[in-house]
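Welcome! Take a moment to look over the sequence and the 3D view, and then let us walk through a few features together.

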Amino acid sequence: MSALAAGRLDPAESAAGHHNPWLIACVVALATFMEILDTTIANVALRYISGGLAVGPDEASWVVTTYLVANAITLVASSFMAKRYGRKAFFLWSIGLFTVSSVLCGFAWSLEALLVFRVMQGLGGGGMAPLAQSILADSFPKEKRGQAFALYGIAIVVAPAIGPTLGGWISDNLSWHWCFLINGPIGVFALALMYALLQDPRHAVEERKRLKREGVRFDVVGFLLVATFLGSLEVCLDEGQRKDWFGSNLIVTFAVLTVVSFVAMIPWLLTRKNPAVDLRLLGKQQYACCFCIMMATGAILISTTGFIPQLVQDSYGYTATLAGLVLLPGGIVTVISTVANGRLSSLIQPKWLIVAGATMMMIGMYDLTRLYGDSTYWFFATARIYMGIGIPLMFLSVTTASYEGLDASQTDQASALINVARNVGGSMGVSLAQNMLAYRSQFHNSRLVESIDPVRPAYQETLRQATQYFSQHGYAGPDAQSQAVAWIGSQLSAQVGYWAYIDVFWCLSIVAATAIPLALILKKVSLGGSAAAH
């Protein structure tokens, strides 16, 4: 890519061609928003899907798992497919498949049909996010990338926050089917605009001709190994807790597949001339640090997006709509922070923005450790606001820093790997939170039960007061005491839940802290004319 003196790219070198690159950025962000939205919008609708299709909650959870697995698998192939067949063609194919399968999901007549369509949806959506980043990188000169990624970042970090809110409202007021059907008109609109506006830059066209001329073929073996590894890992992480981990033959089988495919894929990918995934990128200190930071960011973003609505629904009686609205103020702040970060990225080194973002996320997690039984709506919303400030600072800065020192031919691979980091990090974060919640619930339950000893004066006094309360509210003597015992048990369960969630948030705050030392060793990035010393 060669930037002209005016700070613009040669149209032949730009994915935007002669069109305004900001128009391309808006369309790319819209398509990505639609895809990312579907990673979370179905979460709050699982209860409705379970009831509507007459299946159990564990079976309905595969609606989320199948999408993530298919999504991760397509990420692996996206780089080669874009190079071999053209970014525009592959992007249009991805949007088209995603849109059609979304509509089919909305009309699914059984769980089996819904899972098949969700796999198709994941296959279509998996190629959209990495291609979007590559398109933006090739549409803007280096000094404008930060602002372009800021717009793109709105889609990435706001969609998971909007998903539960939108999914909850649709499920409560319309039907779970509309969680998928709304993608139909949006997908058609994005498809038409991308067809009219997008073009493949000159270096991408030359690369495609070279691959065709040299007869370079897709690394099928490498793809199958990586796809098996990512798919099996996703199943283990997403279903492990529900299936009792290694007590389940299913989890044992996928765990063995994960280990075997991982061991086999490393030497294979490192010795191929055109591997399905260029693991050599992870040998670069800059990119490897960005990869790990993105995993931490994805872990916190995806896990808290699922666990905060779950917490307020299970422990505080919120409806699906209100649980989603808890995340809304944070989503609004995220938009503001993303726009601000677009400006700051041309003035301040990415590593300092990442440090600031990780610190804000730590504050948000620490704030949630002050959880108690009378916590209000704004208690949860405020913690999410802290995260709304921090997540864009981390995500956008990592995205910008990850391209430093890479050739234009490596942008597709770099985009794919960074998105793999976000997906895998998100799954690992959810799995970590689920396991922490389960095990710490058992721990706190055993410790608190020790204090409920019928011979202790404190217990007897509490039982007496509770019995008196229920007697005054219409219960006879034995019934009043039974109600009192049941009330004490419910209070015990509530306290166990609070303490377990507190432990989860402590753990996630440690995950956020790991990004700080990684950020500090990042190299200085060219800021497009700004002093690099910032």
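## Two helices to start with

The expected span of a helix is 1.5 Å times one less than its number of residues. Keep that in mind as you look at this predicted model. Helix α4, residues 62-85, has 24 residues. From its first C-alpha to its last, α4 reaches 32 Å, close to the expected 34 Å. Helix α12 covers residues 220-239, which makes 20 residues. Its reach is 27 Å from first C-alpha to last, close to the 28 Å expected.

## A closer look at α4

Where is the kink in α4 centred? You will find it at A77, with a bend of about 45°.

## Covered or open?

In α4, 19 of the 24 residues are buried, and in α12 the count is 16 of 20.

## The nonpolar cores

In soluble globular proteins, nonpolar side chains tend to be buried together. Here, the largest nonpolar core has 134 residues. Those with the most contacts inside this core are I49, L114, M194, L371 and F380. Helix α14, residues 285-316, gives the largest share of the core, 16 residues. Apart from this core lies another, of 7 residues, with Y459, A466, A480 and I488 among them.

Which residues does M194 touch, not counting those up to four places away in sequence? They are V27, V28, K88, F91, L92, I95 and I135.

Methods:
Residues numbered from 1 in each chain as written. Predicted model: local features only at pLDDT ≥ 70, side-chain atom pairs only at ≥ 80, totals over all residues. Heavy atoms only, no water. Helix = DSSP H or I, 4+ residues; strand = E, 2+ residues; numbered from the N terminus. Bend = angle between axes of the 7 residues up to and from the residue. Buried < 20%, exposed > 50% of the residue type's maximum accessible area, 1.4 Å probe, protein only. Core = buried A, V, L, I, M, F, W, Y, C linked by side-chain atoms within 4.5 Å. Contact = heavy atoms within 4.5 Å.
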